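Here is a short report for a reader meeting this structure for the first time. It starts with the whole chain and then turns to single residues.

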Amino acid sequence: MSKSRKKAHGVSEEELNSYQQQCAAIAKDWTRLQELIGTYSQPGAPKEEMEWELIALKGRLACDYPVLTHWRKGGFGLSAGINKMLTGATNLSSMADSASNPESRVNRTWREVQSSLQQVHQTLSTARTQLERGKEAILPDALFEEHTHRAIPWKKIAKGAAIVVGVLVLALTLYVMRNFLGFWAPEAGEGLIVDESMSDEDKINSVLVILNESFKRDDVDMFMTVFADDFKDDEGNGKTAMRIFMQAYHEKGDFRQVTMNWSDMRLAEEDGYIVARPIRVQVPDDEIIVHLGFKAYRGKLLIATGTAP
């Protein structure tokens, strides 16, 4: 029986490489989370940008690391601790307030996960040493499933709690995937009607009308349909980053307050794009001037780049 269990938990070098790479990335994200919490309340901290970064970080931890699902019942409590933090982390503001107390839930959970990461790192390093010595790399049972001894009633309670937590985590994961990462959202160009008789200016006007209407309807999906899949802004941010930014803006309740004005817009061909400028975007308490670069995409003109000079 013992040999069978060991064989089941033997890992190849490829699997071990994947585990170590994922855990290194998780550790980096976890350290960054502590940095965000610690610096949020400092004078001059870019709080809005930090809130958006938290959303992106939560998205990665919820979706990008298969090892957290593979070890969801073990990992020395790694997956459970991360899920606990994700389900309780509403925003950085509340987390920073809580973190002012060293024994708060936020600080205790962060330390628990950090301890789990250290245990996982040590365990994987031991397996790496086994491989380097020409032996089979064996990972302990606790990495896959931790065994505890409880009376039967407690097992039932724990099982019920696990189901509730699992449902909450699944709901959070699906919410992040759908709303922040754009899974199952309408495709680029969907709903945009053009025909051959339309000039480039007419096509671009159609796009801008949809943008303006998306703000009125408070509809991020509608907003994103006019961006090409390979969109990149002047800082190299892609369509997913744009979606995360706009969904965060939507979550704050500011999205519907935006209006656009392109009455004095001019078009020019530059570097393979049709550039429309200026586009005046009125946000709460400010006006932003943007330049948008359009290119042909599936028979339509969609936004492929943008800048706010």
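## Overall picture

Of the protein's 309 residues, 40% count as buried. Buried means under 20% relative accessible area, exposed means over 50%, and partly exposed lies in between (1.4 Å probe, protein chains only). The model is predicted: local features need pLDDT of at least 70, side-chain atom pairs count only at pLDDT 80 or more, and totals for chains, interfaces and linings use all residues. Residues are numbered from 1 along each chain as its sequence is written, and side-chain values use heavy atoms, with hydrogens and water left out.

The protein has twelve helices and seven strands. These are DSSP runs, numbered from the N terminus: helices are H or I with at least four residues, strands are E with at least two. Accessible areas come from the Shrake-Rupley method with a 1.4 Å probe; for residues, only the protein chains shown count as cover. Among contacts with a separation of 6 or more, 60% are between residues 24 or more positions apart. A contact means heavy atoms within 4.5 Å.

## Salt bridges

Side chains of opposite charge can pair when their charged atoms come close. The whole structure holds 13 salt bridges. Each is a side-chain nitrogen of Lys or Arg within 4 Å of a carboxyl oxygen of Asp or Glu.

One of them joins Arg243 to Asp221, with the closest N and O atoms 2.6 Å apart. This pair links distant parts of the chain: Arg243 sits in helix 12 (residues 239-252) and Asp221 in helix 11 (residues 220-224), 22 residues apart. Is Arg243 buried or exposed? Arg243 counts as buried, at 5% relative accessibility. Asp221 is buried too, at 17%.

Lys239 and Asp229 form another salt bridge, 3.2 Å from N to O. Lys239 lies in helix 12 and Asp229 in the loop between helix 11 and helix 12, so the pair ties together parts ten residues apart in sequence. Lys239 is buried, with a relative accessible area of 16%. Asp229 is partly exposed, at 43%.

A further salt bridge pairs Lys295 with Asp230, at 2.6 Å from N to O. Here Lys295 is in strand 6 and Asp230 in the loop between helix 11 and helix 12, 65 residues apart. Lys295 is partly exposed at 25%, and Asp230 is partly exposed at 41%. Elsewhere, salt bridges that share partners join Arg32, Glu35 and Glu53 into one network.

## A residue in strand 6

His291 is found in strand 6 (residues 286-297). His291 is buried, with a relative accessible area of 17%.

Which residues does His291 touch, leaving aside neighbours within four places in sequence? They are Val275, Ala276, Arg277, Pro278, Thr305, Gly306, Thr307 and Pro309. Take Ala276, 15 residues from His291 along the chain: the two C-alpha atoms are separated by 5.8 Å.

## A negative patch

A surface patch of negative charge gathers Asp195, Glu196, Asp200, Glu201, Asp202 and Glu269. Patch residues have over 30% relative accessible area and no salt bridge, and like charges are joined within 9 Å. Asp and Glu count as negative. The place of a charge is taken as CG of Asp or CD of Glu.

Helix 10 (residues 200-217) gives the patch its largest share, three residues. Asp202 lies in this helix 10. Asp202 is partly exposed, with a relative accessible area of 37%.

Conventions
Patches are made of residues with over 30% relative accessible area and no salt bridge: like charges are joined within 9 Å, nonpolar side chains (Val, Leu, Ile, Met, Phe, Trp, Tyr) within 5 Å.
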